[in-house]
Amino acid sequence: MDLFDSIQGAVLEDPRFQDQHWKHLVRHIMLSWTHSEWLPIVSIVRNYENNTITLRQRSIHSKTEHWWIPLNFATTQSPSFEQTHVEFFMPPVMEHTVTVEELRLQLAGRDWLIVNKQQTGFYHVLYDTDNLHAIARQLQSNHSVIHAMNRAALFQDLAPLIERNEFESVDVLFELFKYLEFEDDLTPWSQVANTIEFFDNNLYGTTAYSLFKQYVRRLVTPTFLRLFHKDKTEVVTMDILVRTDILHMACRVGMPECLDYTHRLVLEYVFKNINFESDYPDYYAIHDTILCMGVRQLSDEEFQKLIDLLIVTDPNTAMHDDLIYSLRCTRNHRRMHHYLNVLVGENFTYNLLNERESMFYLAYVFKSNVASRSSIWHFINQNYKQLARSPHFVTLFNDIAEFVPERQRPYFATLHRNIDAYLRAEHLSSKEPLIPVDSRRVGKKIRNSEEFLDKFEHQIHNWLLKELSPAGSDGTYAASFSVGNGSARPSSLLSAAGNIVRSAIGV
């Protein structure tokens, strides 16, 4: 407490703080942070008609916990990202509205506003949709005006909303992505990678998927070429985790240069014992990604050679682990079926994996490779009598039952009935009872994806069609914002923006 008193005294003596409303509240401000282990989420909702800003705060763990939150502001007319001092303390209440004049901001209707410059404050920030559109316009016009830390924070703070389907309009997200083909700072890429992967997983198999891959290839190609065509001495100074994200992203969306690169490295590593470890001091972070992506490009002959090598390789070696891991990444249904037969098929003898490992690994392949799921269901349907001899099979079946899509419920019900009858007829014991066919667990892990597609698939498809059409790709970025924005937009958009934020903060 002596520390707080000393800070309080220094604040009162400093002429720079004499007109601040919080100057006598240092102890309260500090205690609101030192007595909490969480971080607040601050929602910024602009009223473009009367030029006010409503600040809302919440904790993801408590409805009653609030903080004195130090805010600072960057705007179109005054970016000033290098000046990170506190400009306003939000009081510890759920909602607080201030005028632009009170904050001493120059902020027109179509201007952008960013809070928490360079992420100097320990809190997350969410914005209304119109403000995000304004930020996207700036990013597309000249992204360097906005600090790299704040460019990254945009994607970091939006990610939970996207993954929980709490975002109302996906268009603004794709408008924010647009500038990434010009992004040469790795910090934003490190935050956008998981969101791109989320879209990739959820759109896989839809009519929008090929368009999505085309769009992401456009975004990631310049950065991939820059990172993977540098002198070796410069490569090793790069952040290996971000490089891995870029490589993974580029190969997932079928960028030819990435596919050729990983394919070549896999063949050299497996058949020529040329290790790419020397290029990467922390190569384990990128090693698995290169193997996984490279295996997808193997010819039938090359794939069979890896299978043959797996069978004769000592299980206690790193090469054995690498082969088992990488082969499961194939997206070819015939090759996946062949791979599963080798691992747990009719003639396997647990030479590659023991009984428990084989069931555990089958679940891992199912979860980690979205494209493999239909192949694995088909394999189980064909081989359940043999698989059920393992006491761990039911645990596997129950686990992957959580990923059954609604449209496959009849197929699942038939397979479930057959397995249940076989277990009873053969008096086979298992580690746990077979999941009831009508259990709430069935499909639990896939519902979020189904809700995502119901809500966004059509919207994403239409946006991508427009963006990737000759007229869309040749037009100016500003054309994407032809819908009213700022003070001139329809009141219905104001309502929509308010609904998004209310949903985000749970009020």
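I then noted residues 474-507, where the pLDDT is below 50 and the model has 56 contacts beyond near neighbours in sequence.

I record that this is a predicted model, in which local features need pLDDT of at least 70 and side-chain atom pairs count only at pLDDT 80 or more, while totals for chains, interfaces and linings use all residues. Residues are numbered from 1 along each chain as its sequence is written, and side-chain values use heavy atoms, with hydrogens and water left out.

I looked up the overall confidence: the protein averages a pLDDT of 87, and 88% of the residues score at least 70. Confidence is lowest in helix α21 (residues 491-505), with a mean of 35, and highest in strand β7 (residues 113-115), at 98. Helices (H or I, at least four residues) and strands (E, at least two) are DSSP runs, numbered from the N terminus.

Two strands pair if DSSP finds at least two bridges between them. Ile-41 stands opposite Arg-58 in β2.

I then examined helix α10 (residues 256-272), whose 17 residues reach 23 Å from first C-alpha to last, close to the 24 Å expected at 1.5 Å a residue. The expected span is 1.5 Å times one less than the number of residues. Buried residues (under 20% relative accessible area, against over 50% for exposed and partly exposed in between, 1.4 Å probe, protein chains only) of α10 include Cys-258, Tyr-261, His-263 and Glu-268. Just after α10, Asn-273 takes a positive phi of about 55°.

Last, I checked helix α12 (residues 300-312): its 13 residues reach 19 Å from first C-alpha to last, close to the expected 18 Å. Its buried residues are Glu-302, Phe-303, Leu-306, Ile-307 and Leu-310. Seen down the axis of α12, these fall within an arc of 145°, so they line one face of the helix; the arc is that of the directions from the helix axis to the C-beta atoms. The face turned away from the buried side carries the exposed residues Glu-301 and Val-312.

Note on methods: pLDDT = per-residue confidence, 0-100. Contact = heavy atoms within 4.5 Å.
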